[in-house]
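Here is a short note for a colleague who is opening this model for the first time. Please read it with the structure in view.

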Amino acid sequence: MSDIGFFELDGVRLRANPARDACFEVVMRDADMAEHEGSDDVARREMVHRHMTNEITSLDIAAECLVEFPDAPWELRMELARQCWDESRHVQVLARRLEEMGGHKGEFPISVLEWNVTCAIDNLPGRLATQNRTLEAGAMDIVGALGRAMRAAGDERTAYVLDGILADEVQHVRFANRWIKKLAENDPRVLMKLAHAVRFLSHVNGKVQIRPGEVNRAGKKLESAEERVPAVNVEDRKLAEFTEDEIHEILRQAGFRQLIPEGAGA
Ligand SMILES: [Fe+2]
Ligand SMILES: [Fe+2]
C-alpha cells in the first residue's frame, strides 16, 4: 500500500519491504540467498521456492501500480489487473509444486529487491521499464533455460509448470513494451523518465552485486555480473515485441557477438 515508506541503502532511497509472512527470512543480496549448485532435490526445491516468492513480489508491484497511479489509461490498468491475476496463479502453482516436492514456504531465504527498486520510482512508465521490460524480460530468459534444465534432470512436472508461467510472462513484457512506446509518443518527457529508471536500477544493482569469489549461504560460488552470460530467450523476446535491434543489443551485452548480423543493432 502507499503508506509503505522508504529506507536508505548506501545513499540510495529505496522502498521499504512489503509485508511477508513471519515464516520468511527476507534478505537483500544474492550472497545471502541459498541457491544451490546442480539440480538435486534441495537445489530444485530452492529454485521453486525462489520463483514462488518472486511471483509474490511481481504481484505486489503490479498491484501497487494500480493503487498509486489511479489516473493511468484504463486499458493499461486492465493489463496490470490481468497481470495481478496471472502472478497470483503463478504463486499458487509453484506453491503446489513446492509441496509436492516435500518443501514448504519459508524453507529458504527470499529477496524483495525488485520491489525495493521498482516501487522507489515515482512514475508508471519508469516502473514498467524497470519491472516488466527489464526484470521480467530477464526472468523470461532465465525461466526458459530453467525449464530445459529441469527436463534434462528428469523433472518433467516442474518443467511443465515453468512452461505455463513463461507463456504469461511474455504478455507482461509485451504490454509494457506497447505502453511505454505509446506513452513516449504522446509525451517525449517520458523518455527521460525511462532513462532515469533504467539508470537507477543499474545503480542499485551495482550496490548489491556479487563480489568476485563470493560464496552464498549454500556454499555456491557466485559468478559476478560480468561472468554471468544469460541464455537470451530470443523467440520469446520477439513475441514480447522487442525489436530486432533491441534483441541484437541484448545479445551484444550478453556476449553473443557472433550471433549478431554484421552492422545490426548499432
Ligand atoms: Fe509471474
Ligand atoms: Fe510477470
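Helices (H or I, at least four residues) and strands (E, at least two) are DSSP runs, and they are numbered from the N terminus. With that numbering, serine 88 belongs to helix 2, which covers residues 74-100. Keep in mind throughout that this is a predicted model.

1. Elements. The protein has four strands and eight helices. Read from the N terminus, their order is β-β-β-α-α-β-α-α-α-α-α-α. The radius of gyration is 18 Å, close to the 18 Å that the globule rule gives for 266 residues, so the protein is as compact as a globular protein of that length.

2. Along the principal axes, the C-alpha atoms fill a box of roughly 50 × 50 × 35 Å. Of the 266 residues, 48% count as buried. Take the contacts with a separation of 6 or more: 74% of them are between residues 24 or more positions apart.

3. Surface and charge. The accessible surface comes to about 13700 Å². Carbon and sulfur atoms hold 53% of that surface. The protein has 35 positive and 47 negative charges. How far apart are the mean positions of the positive and negative charges? They are 1 Å apart.

4. Cysteines. How many disulfides does a search of the whole structure find? It finds zero. Look at cysteine 65 as a case. The closest cysteine sulfur to its own is in cysteine 119, at 6.2 Å, which is too far for a bond. A disulfide needs the two sulfur atoms within 2.5 Å. Seen from cysteine 119, the closest cysteine sulfur is that of cysteine 65. Cysteine 65 counts as buried because its relative accessibility is 4%. Cysteine 119 is buried too, with a relative accessible area of 1%.

5. Backbone at aspartate 10. Most residues other than glycine have a negative phi. Aspartate 10 is not a glycine, yet its phi is positive, at about 55 degrees. Where is aspartate 10 found? It sits in the loop between strand 1 (6-9) and strand 2 (12-15). Its relative accessible area is 58%, so aspartate 10 is exposed.

6. Backbone at glutamate 241. Glutamate 241 also has a positive phi, of about 70 degrees, although it is not a glycine. It lies in the loop between helix 7 (234-239) and helix 8 (244-253). Glutamate 241 is partly exposed, with a relative accessible area of 36%.

7. Valine 161. This residue is part of helix 5, residues 156-186. Is valine 161 buried or exposed? It is buried, because its relative accessible area of 17% is under the 20% limit. Leaving out residues up to four places away in sequence, valine 161 touches Val93 and Leu94. Alanine 31 is another matter. It is 130 residues from valine 161 in sequence, and their C-alpha atoms are 27 Å apart in space.

8. Serine 88. Back to helix 2, where serine 88 has its place. Serine 88 is partly exposed, with a relative accessible area of 22%. What separates the C-alpha atoms of serine 88 and isoleucine 56? The distance is 7.1 Å, while the two residues are 32 residues apart along the chain.

Methods. Residues are numbered from 1 along each chain as its sequence is written. Chains are lettered from A and ligands numbered from 1 in the order in which they are written. This is a predicted model: local features need pLDDT of at least 70, side-chain atom pairs count only at pLDDT 80 or more; totals for chains, interfaces and linings use all residues. Side-chain values use heavy atoms; hydrogens and water are left out. The radius of gyration is taken over C-alpha atoms; the globule rule is 2.2 Å times the number of residues to the power 0.38. Buried means under 20% relative accessible area, exposed over 50%, partly exposed in between (1.4 Å probe, protein chains only). Contact means heavy atoms within 4.5 Å. Accessible areas come from the Shrake-Rupley method with a 1.4 Å probe; for residues, only the protein chains shown count as cover. Lys and Arg count as positive and Asp and Glu as negative; His and the chain ends are not counted. The place of a charge is taken as NZ of Lys, CZ of Arg, CG of Asp or CD of Glu.
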